[in-house]
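Hi,

Here is the structure I promised to pass on. Please load it and follow along with the notes below.

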Amino acid sequence: MTHLATEAVLLASAAGILYGLQDVSTQAALIRFDDHGLRFLVNSPWAYIVLGAAVTGILLSQSAFRAARLDFSLPPTAVAEPIVGILLSLFILDDRLSVGPGELAVEALCLVAMVAGTILIGRSDMLASYPTTHLHRLEDADEDAGKSDR
């Protein structure tokens, strides 16, 4: 794996973690709003955590998309976001998983399907063969524009 691909995976993973935090923060903010109204929501940290996680997550994911092809930059975000969201919901908001044998089997199958689908997307020939030369042309155009500004 190249340096840029490693960078894309790390940036995308961080974005997925922040999107998971955004999920939990949104849920917590809506609970706070439902219980206490808009005035308490504005004074709650949850609304600001939603905003900060969303903005930072978008910046990180866009940096990951710019660093390497989608087959490197999309799968980590797609896997990290729901897993982190579920874990944070369990620990921060005290949510519960269904613990019956049927429910656990369905949840496990859904998790396996999500990971398998993400792996298939990441290994797609269409994404892997997508030309990256357009990125180099954009970078060259940016450099040329910067030179003409001087």
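A crossing counts as left-handed if the near helix is turned anticlockwise from the far one by less than a right angle, and as right-handed if clockwise. Keep that in mind for what follows. Note also that this is a predicted model.

First, α1 and α3. The crossing of these two helices is left-handed. Helix α1 covers residues 3-36, and helix α3 covers residues 45-67. Their axes lie 8 Å apart, at an angle of about 160°. Angles over 145 degrees count as roughly antiparallel, so α1 is roughly antiparallel to α3. The residues of this contact split into 21 nonpolar, seven polar and one charged.

Next, a residue on α1. Leu30 sits in that helix. Is Leu30 buried or exposed? The cut-off for exposed is over 50% relative accessible area. Leu30 has 54% relative accessibility, so it counts as exposed.

Then α5 and α6. Helix α5 spans residues 75-91 and helix α6 spans residues 101-122. The axes come within 9 Å and cross at roughly 165°. The two helices are therefore roughly antiparallel to each other. Here α5 passes α6 in a right-handed crossing. On the α5 side, the contact is made by Pro75, Ala78, Val79, Pro82 and Ile83. On the α6 side, Leu111, Met114, Thr118 and Gly122 take part. Seven residues of this contact are nonpolar, two are polar and none is charged.

Best wishes

Note on methods: Residues are numbered from 1 along each chain as its sequence is written. This is a predicted model: local features need pLDDT of at least 70, side-chain atom pairs count only at pLDDT 80 or more; totals for chains, interfaces and linings use all residues. Side-chain values use heavy atoms; hydrogens and water are left out. Axes are lines fitted to C-alpha atoms, for helices over the stretch in contact, and angles run from 0 to 180 degrees between N-to-C directions. Helices (H or I, at least four residues) and strands (E, at least two) are DSSP runs, numbered from the N terminus. Angles under 35 degrees count as roughly parallel, over 145 as roughly antiparallel, 65 to 115 as roughly perpendicular and the rest as oblique. Contact means heavy atoms within 4.5 Å. Ala, Val, Leu, Ile, Met, Phe, Trp, Tyr, Cys and Pro count as nonpolar, Asp, Glu, Lys and Arg as charged, and the others, Gly among them, as polar. Buried means under 20% relative accessible area, exposed over 50%, partly exposed in between (1.4 Å probe, protein chains only).
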